[in-house]
Structure formats: C-alpha cells, structure tokens
Amino acid sequence: MVPKRVFLKISFLVVSILPSILLAAPETIIKAKLAEQIRAKGPKTHFIVADLETGRTIFENRAQEKVKPASVLKILTSTVAMSILGSDYRFRTEFWGDSSPGKDGSIGNLYIKGGGDPSFTIEDLLMIIRNLKRQGIKKISKVIYDDFLFEEATRRVGQRAYEAGPSALSFNFNTISFDVCPTEVGRQAVVLPNPSEVPVILSGRILTGSKRKSVYSIDDSGMDTGALGFKLSGQIGKSFGCETVYRSISNPPVYFAQSVVGLMNANDIKVTQGSVHGKVSKNGRRLIYHDSKPLSHIIWDLNHFSTNVIAEQLLYHIGFSNKGGLSREVGIARIGTYLNKLGLQSDDYDIYDGSGLSRENRITATLLLRVLRDVYKNQRIWPEFESSLPVGGKSGTLKKRFKSLKGGIVRAKTGSLNGVASLAGYITTDKGRRYVFVCIANGTSIYKARQLEEDLVKIIVSNQ
C-alpha cells in the first residue's frame, strides 16, 4: 500500500507534468509533418515556426541562411518606425504665404514645406485649397515648393507604380493614373490622366484595334527634366472596356507643385507664374498646415497593401539627423541598431531599403522571427501592429488566400519578387494556441512556393 503522503506527491507531479506532455504531443506531430512536407515540396525553403508565448522553436529548415526577403522586410521597417516615432505620430505639410490676403485677394508667393507625409493625396490637397479660398485668397504669383527635409535625393526604381520613389513632398503615392478607353476601330483611343487638372503632356497615340487583345504602352517622356510628359503607343481592342494604367512619377516635388497649380486654377485661385523650387521665406506667414492620419493607420495601409513608397518614406523618418533633416542612410543604421539590441550581428543581415524591393537585401528567417516575437512583447505598439497584418481569406494581400483554412486564423505579411516568395506572421488556432512563423523561398516558382506556404500553415492549424 502506497503511503498517503507519497501518493499526494506523485499525484502533484503527474498534474504538473501533464500540461507539458499534452502540449508536446501536438508539437511532435506538427514537427514530423512539417519536415515531411518541406522534404517533399521545398527542401531549400527557409522556414521556422515557434511557440509565440515561450519562444520555443518547434521546427526549422535552413533558417540561419541569409536570403532575399522581398516585402516581408516591411515587418522590420514597420516595427522600427512605430518603436521610434510612436503609433500616434503624424506627418505635417505646411503652406505659407508672403503676406495675408490683400484687398484683391493676393498673397504674393505660396510656399509649400514638405514634411515627408507618405499618405498625402488629392483629397487632402482639395481640402486645403478650399480652406485657402475661405481665407479670401484669390491670386498667387508663384508656387514655391520646399522638399529639403530629405537630405539625400532618392530616385524611383522604375516606371511602374510599385517602383515609385520617396520625397519630402509626396503626392498620391507619387503615382499618376491614366484611363484608356477604346473608340472606333482605327481611331485614337481616349487617354485621360487623373488628376485631370494636372498639366500632363501626351505625345504619340494609342489606336483602337479590331483584335481581341491590347498591346500598348504609356512611358515617361519627361523623365527627370521636371516636365510631366508621357509617350503613348500601341493599340487597345475595341471589345475592351476602359482600362486604368498606373505609372510612377520621376520628379515627385514637381508633380506636387504642378498639381497645386492646376487644382488652384480649377478652383478660382489664379496662379500667374507657375511653380519653382525653393525654400520657405523667413518672413513668410503660415496660412494652413495639414497633419496626416496617425502612423498606425499608415502602417495598416503599408502592410495590408504592401505599398513600397510608404516604406521608403518611413525609412527617412526614422533617420532624423543632427542637421535637422531626415536621412535615409541614418534610417538604415537605426534599423541595424534595433537588430543589434535583439542580439543579432551585422553579419546576419544586409539592409538596402525599407520596402524589400531591392534584390540586394539579405536576412535570415530566424532574424525575422525574433522581430515578430519582439513586437509581440512590446505592448506599446503590438495591438496596432497586429491589426496591420492582412487576415487570411479576409483582407489585404491575403484576401484571396487561405479561404479554406479551418481551425485557426493566420495574420501575415506577404512578399514576392521574381524568383522570391515569402510569408511571415502569426497563427492563432481555435484552441487558443499561438505560433509565429517565417517562410522564405528563393530561386523557385512563386506559385509552388505559395502553395507550400499554405500547406505548412494548414499543418500547424489542423494538428492541435
């Protein structure tokens, strides 16, 4: 017969160990199935998954090797930006005049001081112009645009919208759109820029064709000269409806200033001498300013829709320098400082931008997992960061993915370049278990890599 005291000790020991045994059992199954799936469908995939609460690694494959991350790098940029600036940080754009409106409504010159707002759009500009009209302003000599806040000039990567470059005076995400509409066969298609008030020079033409295909181009002809010019060529099929084409802007401050001129003239504020580059007058008078929505809302846009130009704007803002300006290089250095505080060494990463668009970027899956765990422990920014990530089958870049996922929810940031596919974020099962994971594939089919991503997530969710 077992003594009562010994029986109680044994019972206590069993009760203490039981939760660990129950927890370890599904993790053992998950580990085995993940290993089997990766071995069969993606042995070169860089993958790691861990318990979010404890940080205990459940399974990893080549997680210590540096690879191209694509847009999952925005997780790092988002984290550092919110950690340094705060979730409620706002970006300010200021409008100054030489004087108060005279009897004829004239203020001399209008100065625009850029604050690097990543979210400034035509709706914001129209609101400002209407406010200036209410102040009695009817006439302006010149619009002088001040974009000196950014210390280095950074060019766009290319003409596509996702290749737009940053600027202290950013407008409409530094892109412009064109509506292309077919007419009659052999006749020119209608090509309308948006905003229509912006003076855009179009050369060439797009014809309306009889074939059921469209092969046309809209290419920047102004390039870096300051002119907003585009060359049209090719044809659009008559059976097609109107199509919208987006292009990046080569010179965002000029685009901003010319948009101001065009919209002011369209709203009965006469600008007599166009726009020029310069600094705000020391003797000027501030007429109005515009504060952006909070940084947490901008981060939501960034991660839900993977907008590269927002990430590049934020890289400047975390790089405030002793000169009083904003430096991209200082921003990259501050990202390095953050990673070093997580115990990572400079050999563990190569950071060249904030968006992941550069093919020179290199990080490890383990590095990104540490960032995701660190953000989870930082309650000052965690709620806003978590909500910024797309939900599988529901929103953002994951809206059309994971629709058949049952037994849990995945919130994650996607990434893709030619030959690169990535996914990183959090999994919450219906049983309340939480996991953090990173999956990066280089040199593979994006379709196959995404299928593997979904298979791996389903294994984690379904084996609880």
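Begin by selecting C242, which is exposed, with a relative accessible area of 56% (exposed means over 50%, buried under 20% and partly exposed in between, using a 1.4 Å probe and protein chains only). The model is predicted, so local features need pLDDT of at least 70 and side-chain atom pairs count only at pLDDT 80 or more, while totals for chains, interfaces and linings use all residues. Residues are numbered from 1 along each chain as its sequence is written, and side-chain values use heavy atoms, with hydrogens and water left out.

A search of the whole structure finds one disulfide, and with 120° about the S-S bond the link of C181 and C242 is right-handed. Because C181 lies in strand β7 (residues 175-181) and C242 in the loop between β12 (229-237) and β13 (243-248), the pair ties together parts that are 61 residues apart in sequence; helices (H or I, at least four residues) and strands (E, at least two) are DSSP runs numbered from the N terminus. C181 is buried, with a relative accessible area of 15%.

Next, select residues 252-266, helix α4, whose 15 residues should span 21 Å at 1.5 Å a residue, in agreement with end C-alpha atoms that are 21 Å apart (the expected span is 1.5 Å times one less than the number of residues). Since 13 of the 15 residues of α4 are buried, the helix is largely enclosed by the rest of the structure. Just after α4, D268 takes a positive phi of about 65°.

The crossing of α2 and α8 is left-handed, that is, the near helix is turned anticlockwise from the far one by less than a right angle. To display the contact (heavy atoms within 4.5 Å), select I75, L76 and T79 in α2, which meet L368, V371, L372 and V375 in α8.

Finish on α2 itself, which is mostly covered, with 11 of its 13 residues buried, including L73, M82 and L85. α2 is followed by G86, whose phi is positive, near 95°.

How values were computed
Disulfide = S-S within 2.5 Å.
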